[in-house]
Each structure stands twice: as structure tokens, then as C-alpha cells.
Amino acid sequence: VTATPDPLIHPITRLSICGLLAAGADWVEFAALRDAAGISDSVLSKQSRVLEDAGYVEVRKGAVGRRPRTWFRLTAGGRQAVQGHLAWLAQLEETVSAGTRDARQAGHLPGDRDQPASEPEFGELPGKGPALVVTSSGGGRAPRQIHHVDTERVD
Amino acid sequence: MMHDVPGDPAALEQLRVQRSRLADRMRWPWWYQSGLAIFWALAFACPFLTHGVRIWPILIGAVAVACLLQWGLVRATGIKMATPTLLYPASGRPARIAMIVGALAALEAEFLLIRHGLTVTAIVVATLAVVAEMACQQVQLRGIRQGLRGGGGAA
């Protein structure tokens, strides 16, 4: 899996939906997904439509008696994109924890005011698209902020 | 658009919590466990049938009960797992193999004991086999839940 950020999955709500659908289940029902993600019906409806339009999620609608039932699952393309994005996030997490570890080893606690703040930068990796570069200065100090590709609020 | 927003690793942590919530939904209702016990009891009762009784109606009935139970479980939990094979999913694979080997061994032992006139011992073997199969299914369920928590390999 190539660790690549996906701007469509990046907003937290869509990341939750896709991450849950990629957890290992084949199909997940609307209520189960809503409860696990901790979001409202309307947010799930809206975001699932965005993901469906992008071809990341497949939706199957049915009914049990008079109650409508909607089921979701990731498409093959959606699964690939989610796995790439999650791998990218995991790398990011690893970078941050390594930075924190380095800072501890160097004897500086994160948040020290006498050290200049290090700023992560976004850049382009040749052939790999956008990438996050976490820079560290001031004796291996941990970075304070993580930059998002897109911070569009969705709920 | 790229803004400074902290919290990418936090998003990954939140996803872990959400997946844990989804995995917690994967619990068997009482009727499913009772149905499973009946299914296995029917299966291990087959060697006791005398030659005059047809085995096919019982087998078809057992398969119908299993399908009905599975259908009910999917609707109750809101999670549909892919059809398991001997190798997929990786979580709970040892329990699945143990179930198949255990069932074959118990059936063979029952046939052997009945042929030698040891009916009471055969009944004990059948009862123990039902208990063992139920225990294996519980282990398998725990594996499925663990897989859902871990994200099925996706970060």
C-alpha cells in the first residue's frame, strides 16, 4: 500500500466512515455505522453521498417490513484509497512520536517556550503527490502542529 | 487549501475508538447461541439415526436453520462479514480449522462407538462435541472482533 494522502477522505467525518468500512466487515448497516462513528443521521447521509459520488462507497438500499435499511461497503478503489490514507496517517503518527521521543532524550519537554517552534511543511514528492515534512529544530524538539491537506469542516 | 490544524494522529486514535465501538456490536444474541447449539446437536445426532430414516431432510433442515440464523445475526448486529473460508479471515482461523477437524473426529468416533454397541459413550461424545464446537465458535467470534478492532490490516 502506497502511503498517499487523499483529500476526499481527509475530513474527519469521512475518515471515520471510510475507516470503519475498511475495518474488515463486508457490509455495514446505516445505524451501526452512525453509532460507531458517533455522528448524526443527516451527516452520515450527506457524507456517504459524497463518497458514493466519488466511487469510494457502494450503497444498497432495502427494507425490513416498513423500516428502510441502508447498507454501505467500500468499493475496491475506495479500499485502496483508504488504506493509502491510513498508511500515510500512521507514518505521520510515527514521525510525531519519534519527534517526541527525540525531544525527551534531548532533555527538552514539548512546549518549552525558550525553544523556537518548528513548523512542518508540505511539499511534493516526485511522482507521489503531496507529502508532509515534519521539520525539527532546537535540539530534537517535537513538532507542535500537524498540517492537514484540507481542513474543510463537514459536520 | 492547506491550513494549520492540529490533530492528525488524534484522528487515527479516534478511529481506533470508533472501530472498537463497531467491534463491540459484534455480539451474539441468546437466540443465535441457542440456534447454533441446536444446529450442532442435529449434526452430531446424525450417526444415531437408524437405517430406515432419511438423512437428507435433516441435513437440509440444519442448513436452512444455519442460513436463517446468519440472516438474523446480520440484521441484529448491522454488520455483514464476508463468507468465511478456511483461510479467510485470518482472525479466528485456528478456531475454524479446529471446528472442522473436531466435527469430523467426533462423527467418526460416534459411528465407531455405535457400531460396537457403546451407545451411551457415543451420546457422551456427541454432547462433548457440541460443547467443543460452541467453544470454538466463541473463539472465532473473539477473533472476528479483534480483527474489526485492528482494522483488518488497514492501519
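Before the slides, one definition: a residue counts as buried when its relative accessible area is under 20%.

Let me start in chain B, with one residue. B:Gln137 sits in helix H5 of chain B, which covers residues 119-150. Is B:Gln137 buried or exposed? Its relative accessible area is 11%, so B:Gln137 is buried. Leaving out neighbours within four places in sequence, its contacts are B:Trp28, B:Leu36, B:Trp40 and B:Met99.

In general, a packed pair of helices is described by the angle between the axes and the distance between them. Here H2 of chain B, residues 30-45, and H5(B) have axes that come within 9 Å and cross at roughly 140°. How do we class that angle? The two helices, H2(B) and H5(B), are therefore oblique to each other, because roughly antiparallel would need an angle over 145 degrees. The crossing of this pair, H2(B) and H5(B), is right-handed.

The residues that make the contact are these.

B:Gly78 is in the loop between helix H3 (56-77) and strand E1 (79-80) of chain B. With a relative accessible area of 1%, B:Gly78 is buried. What does B:Gly78 contact, once neighbours within four places in sequence are set aside? The list is A:Trp27, A:Val28, A:Glu29, A:Ala32 and A:Trp71 from chain A, and B:Leu73 from chain B. For B:Gly78 and B:Gly92, the separation is 14 residues in sequence and 20 Å in space, C-alpha to C-alpha.

The other position is B:Val65, in helix H3 of chain B. B:Val65 has a relative accessible area of 30%, so it is partly exposed. B:Val65 and B:Asp24 are 41 residues apart in sequence, and their C-alpha atoms are 25 Å apart.

Now chain A. It has four helices and five strands, in the order α-β-α-α-β-β-α-β-β from the N terminus. Of its 155 residues, 44% count as buried. Among contacts in chain A with a separation of 6 or more, 63% join residues 24 or more positions apart.

Helix H1(A) is mostly covered, with nine of its 10 residues buried. Those are A:Thr13, A:Arg14, A:Leu15, A:Ser16, A:Ile17, A:Cys18, A:Gly19, A:Leu20 and A:Leu21.

What does H1(A) meet in H4(A)? A:Leu15, A:Cys18, A:Gly19 and A:Leu21 of H1(A) meet A:Arg79, A:Val82, A:His85, A:Leu86 and A:Leu89 of H4(A). The residues of this H1(A) and H4(A) contact divide into six nonpolar, two polar and one charged. The axes of H1, residues 12-21, and H4, residues 76-105, of chain A come within 10 Å and cross at roughly 110°. H1(A) and H4(A) are therefore roughly perpendicular to each other. The crossing of H1(A) with H4(A) is left-handed.

Helix H2 of chain A, residues 30-37, has A:Phe30, A:Ala32, A:Leu33, A:Ala36 and A:Ala37 as its buried residues. A:Ala32 is also one of the contacts of B:Gly78. Just after H2(A), A:Gly38 takes a positive phi of about 70°.

Last, confidence. Chain A averages a pLDDT of 75, and 68% of its residues score at least 70. Over residues 116-123 of chain A, pLDDT stays under 50, and the model has 34 contacts beyond four places in sequence for them. Residues 125-155 of chain A also stay under 50, with 103 such contacts. Where pLDDT is low, the predicted coordinates should not be read in detail.

Notes. Residues are numbered from 1 along each chain as its sequence is written. Chains are lettered from A and ligands numbered from 1 in the order in which they are written. This is a predicted model: local features need pLDDT of at least 70, side-chain atom pairs count only at pLDDT 80 or more; totals for chains, interfaces and linings use all residues. Side-chain values use heavy atoms; hydrogens and water are left out. pLDDT is the predictor's confidence in each residue, from 0 to 100. Contact means heavy atoms within 4.5 Å. Buried means under 20% relative accessible area, exposed over 50%, partly exposed in between (1.4 Å probe, protein chains only). Axes are lines fitted to C-alpha atoms, for helices over the stretch in contact, and angles run from 0 to 180 degrees between N-to-C directions. Angles under 35 degrees count as roughly parallel, over 145 as roughly antiparallel, 65 to 115 as roughly perpendicular and the rest as oblique. A crossing is left-handed if the near helix is turned anticlockwise from the far one by less than a right angle, and right-handed if clockwise. Ala, Val, Leu, Ile, Met, Phe, Trp, Tyr, Cys and Pro count as nonpolar, Asp, Glu, Lys and Arg as charged, and the others, Gly among them, as polar.
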